Amino acid sequence: MAEKRNIFLVGPMGAGKSTIGKHLADELHLEFYDSDQEIERRTGADIAWVFDLEGEEGFRVREEGVINDLTEKQGIVLATGGGSVISKTVRNRLAARGIVVYLQTTIDKQVARTQRDKRRPLLQNNDPETVLRNLAEERNPLYEEVADYVVQTDDQSARAVASQIIDKIGL
Ligand SMILES: Nc1ncnc2c1ncn2[C@@H]1O[C@H](COP(=O)(O)OP(=O)(O)O)[C@@H](O)[C@H]1O
Ligand SMILES: O=C(O)C1=C[C@@H](OP(=O)(O)O)[C@@H](O)[C@H](O)C1
Ligand SMILES: [Mg+2]
């Protein structure tokens, strides 16, 4: 299906979208993009700075713009930011322009995988676990709504998950 040549990864912080996306793109010889990296490239500021200067609202506007532009491309793997699906425009865009894979994991794994990384502003507080639980409640139905495939990332290496995605999609 020519119009389905892109693969878009959605899911919560720490699911492994950025890491698995790179492996997936390597394996499939596709270009890799990450919406957070693209925002950083365009603004010359890191994500924490964008949140500081423009708030989450400003960040979401940038995120939507970047995803809108990147989904114009063909033959890419795109790791989205975990909150991008709260925008209906983004969900519609992802569904229309590629195969959407929801990377799922447990809250415990999310906490473990994100705790040493200071780059996620929403988790820089004294109870990231509760934040992640609340976000999951709000966002999991949206990931499910937009997903063509759901893949667990708990018990396998990022590389193994990439292989599993390839098998599942049948590429
Ligand atoms: N399947 C996996 N198994 C173990 N660690 C992983 C796995 N996927 C990602 N990680 C690690 O978890 C951290 C967060 O991964 P990342 O790709 O940034 O997630 P996301 O982009 O979904 O927030 C990174 O340190 C990464 O190396
Ligand atoms: O879930 C979120 O709202 C966010 C997820 C982050 O990306 P990852 O999902 O790649 O960690 C990043 O876009 C920003 O810190 C906000
Ligand atoms: Mg990421």
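Start with the "binding site" that UniProt lists in an unreviewed entry: select Asp 36, Arg 60, Gly 82 and Arg 139. Keep in mind that you're looking at a predicted model.

**Stop one: Arg 60.** Zoom in on Arg 60, and you'll land in helix α3, which covers residues 47-70.

Arg 139 sits in helix α6, residues 128-146. With 18 C-beta neighbours inside 10 Å, Arg 139 is partly exposed. Which residues does it touch, leaving aside those up to four places away in sequence? Show Pro 12, Val 85 and Ile 86 and you have them.

**Stop three: α1 against α7.** Leave the listed site and select residues 17-28, helix α1, together with residues 158-169, helix α7. Their axes come within 8 Å and cross at roughly 55 degrees, so the two helices are oblique to each other. Turn the view until one lies over the other: α1 passes α7 in a right-handed crossing.

Next, bring up the side chains where the helices meet. On the α1 side, pick Thr 19, Ile 20, His 23, Leu 24, Glu 27 and Leu 28. Facing them from α7 are Ala 158, Arg 159, Val 161, Ala 162, Ile 165 and Ile 166. Colour this contact by residue class and you'll get eight nonpolar, two polar and two charged residues.

Definitions and conventions:
Residues numbered from 1 in each chain as written. Chains lettered and ligands numbered in written order. Predicted model: local features only at pLDDT ≥ 70, side-chain atom pairs only at ≥ 80, totals over all residues. Axes fitted to C-alpha atoms, helices over the stretch in contact; angles between N-to-C directions. Helix = DSSP H or I, 4+ residues; strand = E, 2+ residues; numbered from the N terminus. Parallel < 35°, antiparallel > 145°, perpendicular 65-115°, else oblique. Left-handed = near helix turned anticlockwise from the far one by under 90°. Contact = placed C-beta atoms within 7 Å. Nonpolar A, V, L, I, M, F, W, Y, C, P; charged D, E, K, R; others polar. UniProt positions renumbered as here; feature names shortened; annotations may be inferred. Buried ≥ 20, exposed ≤ 12 C-beta atoms within 10 Å, placed from the backbone.
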